[in-house]
Amino acid sequence: MDGPRRTRAWLLLAAAVPLSVYAALFFGSYPLPADAIHEALAAWLRGAAETQDLVIVRDIRLGRVLLSFLTGAALAVSGGVFQGLLRNPLADPFTLGISSGAACGAALALGLGWALPLPLAALAGAFAAMALVLALSRLAGDFSRESLVLGGIVVSTFLGAAIALIKSLNEESVSAIVFWIMGSFQGRGFEHVRLMLPYLLPGAAIVLALARELDILALGTEQAAQVGVAVGRVRIGLLIGAGMLTAAAVSVSGIIGFVGLVVPHLVRMLMGPSSRALLLFSALGGGILLLWSDVLARTILAHGAELPVGVLTALFGGPFFCLIMARGRRA
Amino acid sequence: MSGAMIEISGLTAGYGSRPVLRDVDLTVNAGEFTGILGPNGSGKTTLIRALSGVLPPQAGSIRIAGDDIRALPPKARARRCATVPQKTQGLPGMRALDLVLMGRYPYATLLGGYGRADLERARAAMNETRCLHLQDRATDTLSGGELQRVVMAKALAQDTRLLLLDEAASNLDVARAMDLYELLRARNAGGLTVLTVAHDLNLAALYCQRLVFLKNGALVADGPTRDVFTAQTLSEIYDTTLFVAPHPLNGAPQAHLVPRP
């Protein structure tokens with residue numbers, strides 16, 4: 001994509017973010033008229049006394065909207081990194097089993113009562129799963145797209161069962177299990193934004209700083225080394241950065257699939273392969289997609305019941321995954 | 001130009017327990033235009049991979065412009081030595097100019113992008129390999145010859161004093177192969193040290209000042225082209241009878257295949 005068009009797309013997406021955040025405030029289980037929402041926002045800006053409306057708009061809705069945006073952004077960026085790094089269009093934290101690893105790490109820490117920040121436990125789980133999937137794929141002989149995804153399925157199925165087991169042993173409800181396996185933002189807000197940011201920001205900084213190297217790695221490791229890329233160190237840096245993003249997302253939302261697969265794929269089709277643009281556009285696109293998916297998840301059912309947002313992303317993402325696979329076969 | 005550009009001593013390199021190259025010594029002086037010849041599997045590509053730093057030696061050492069390549073950081077190594085690989089694939093959607101700009105990576109700082117000077121350098125290299133008109137084309141839509149010129153431009157954009165090529169002409173038709181060698185000769189006249197693996201004996205004999213022959217992982221002949229490019233040497237190395245006669249126009253030795261009786 002040429003410069004002016006890219007700038008236009010950039011402005012469009014950048015404008016869509018605040019608009020989406022604002023518009024999403026109007027959706028929720030408790031009916032609030034537009035006037036009441038504007039009043040609450042104005043009261044918040046003035047620093048006026050707390051009202052019930054203000055608490056709903058700020059703490060319940062805004063916190064959740066921001067959290068879903070940041071989670072979507074983190075998942076899409078880490079998906080973009082994994083796709084580039086493994087040169088595999090089917091790679092994303094979900095299909096590679098890395099999200100399951102992060103969720104399992106978090107569930108373990110919670111179940112065993114470790115005094116460990118949740119994202120850190122998720123990070124350890126993410127790295128363990130990553131190592132396992134890469135080892136399995138190597139066992140199968142190569143890092144081909146099928147063997148990687150196959151390894152991811154094996155690992156994520158196993159870890160999903162492990163999560164269910166941990167939760168059952170702790171006599172927790174089925175809904176707690178479902179939360180981790182079919183991620184959701186129910187009852188989540190600013191507190192979780194604060195929890196994820198210390199992992200999301202450094203992770204994003206690392207992968208953006210290595211975007212140019214990620215471009216060059218597309219030539220293959222040998223040619224990348226010949227133009228001066230420290231291939232080993234760059235790869236480890238990218239894996240750590242993408243792992244941190246995944247862990248940040250999963251530790252606050254559970255496993256949400258396919259955002260990290262679909263978004264970078266579409267962005268690459270529209271924008272071309274330049275990694276820096278790909279990662280930035282994926283962040284905005286992934287954030288907006290998950291924000292609206294969450295709005296849909298909490299309004300689609302009658303009587304104030306909620307659908308886990310992971311159910312929605314899987315419903316839409318599954319067929320998309322098949323499409324990419326079919327395209328890959330033809331190519 | 002003088003002094004040693006490449007100093008290889010006691011090099012053993014390869015994969016696993018069976019090294020491809022065994023105990024190779026070779027010194028290439030700055031400003032030389034050297035061809036590496038030998039039958040398939042003789043270790044030519046392995047030599048290029050070891051020289052470009054992507055295959056660590058199992059024994060021995062490689063120095064480029066005086067420094068051991070293992071002691072050089074990757075970017076410093078890429079500022080001294082550029083490599084044109086045997087085969088490159090176009091990348092979907094990646095513009096040719098962006099590919100050439102990757103040759104400026106060794107000059108990039110951690111956070112700064114490619115600057116105006118890098119862009120100019122990349123365009124100049126594309127102009128030199130006559131592919132500037134392709135700069136906005138996606139590399140996966142280029143023909144083999146076009147892509148080869150783009151990859152060559154990437155190597156030139158690295159601004160090195162040493163250029164390694166691994167059978168860079170093997171996928172090119174006659175005219176494109178001549179273009180490549182003419183460019184190498186012009187660059188060599190300007191001071192670039194060129195070391196190229198060649199699979200076309202006659203093309204190598206026409207352009208290279210010095211030839212190095214490898215066979216079964218060992219260096220078996222080395223010297224000025226007119227001295228080593230002889231019927232006896234070639235026939236022994238390639239295990240088939242070859243006849244050598246001077247080129248009718250410039251006297252360079254040229255090989256002719258001889259059918260077996």
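In strand β6 (residues 81-84) of chain B, the side chains of C81(B) and T83(B) point one way and those of A82(B) and V84(B) the other way, and all are buried (under 20% relative accessible area; over 50% is exposed and anything in between partly exposed, with a 1.4 Å probe and protein chains only). In a regular strand, side chains alternate between the two faces of the sheet. Strands and helices are DSSP runs numbered from the N terminus, with at least two residues (E) for a strand and at least four (H or I) for a helix. The model is predicted, so that local features need pLDDT of at least 70 and side-chain atom pairs count only at pLDDT 80 or more, while totals for chains, interfaces and linings use all residues. Residues are numbered from 1 along each chain as its sequence is written, chains are lettered from A and ligands numbered from 1 in the order in which they are written, and side-chain values use heavy atoms, with hydrogens and water left out.

Strand β6(B) pairs with strand β7 (residues 162-166) of chain B in the parallel sense over four bridges; pairing requires at least two DSSP bridges between two strands. Within β7(B), L164(B) is the bridge partner of T83(B). Strands of a sheet pair through backbone hydrogen bonds, either parallel or antiparallel.

Chain B also contains an open sheet of four strands in the order β2-β1-β4-β5, with antiparallel pairing. Its edge strands, each pairing on one side only, are β2 (18-29) and β5 (67-68) of chain B. Eight bridges join β2(B) to strand β1 (residues 4-15) of chain B in the antiparallel sense, and R18(B) in β2(B) stands opposite Y15(B).

Two non-glycine residues of chain B with positive phi were examined. A65(B) has a phi of about 50 degrees and lies in the loop between β4 (59-64) and β5 of chain B. At 32% relative accessibility, A65(B) is classed as partly exposed. For N216(B), phi is near 50 degrees, and the residue is placed in the loop between β9 (210-215) and β10 (218-224) of chain B. N216(B) is exposed, its relative accessible area being 55%.

L47(B), in helix α1 (residues 44-51) of chain B, is buried at a relative accessible area of 2%. Neighbours within four places in sequence aside, L47(B) is in contact (heavy atoms within 4.5 Å) with I8(B), L11(B), L21(B), I36(B) and L214(B). The C-alpha atoms of L47(B) and P85(B) are separated by 12 Å, the two residues being 38 apart along the chain.

The contact between the two chains takes 18 residues from chain A and 30 residues from chain B. About 1900 Å² is buried between chain A and chain B, with carbon and sulfur atoms giving 58% of this area (the accessible area, 1.4 Å probe, that two parts lose on being put together, summed over both). On the side of chain A, R212(A), Q226(A) and V227(A) lose the most area to chain B, together 35% of what that side buries.

One salt bridge is counted between chain A and chain B (a side-chain nitrogen of Lys or Arg within 4 Å of a carboxyl oxygen of Asp or Glu). This salt bridge links the side chains of R49(B) and E222(A), at 2.8 Å from N to O. The elements giving two or more residues to the side of chain A that touches chain B are α9 (211-217) and α10 (221-226) of chain A.
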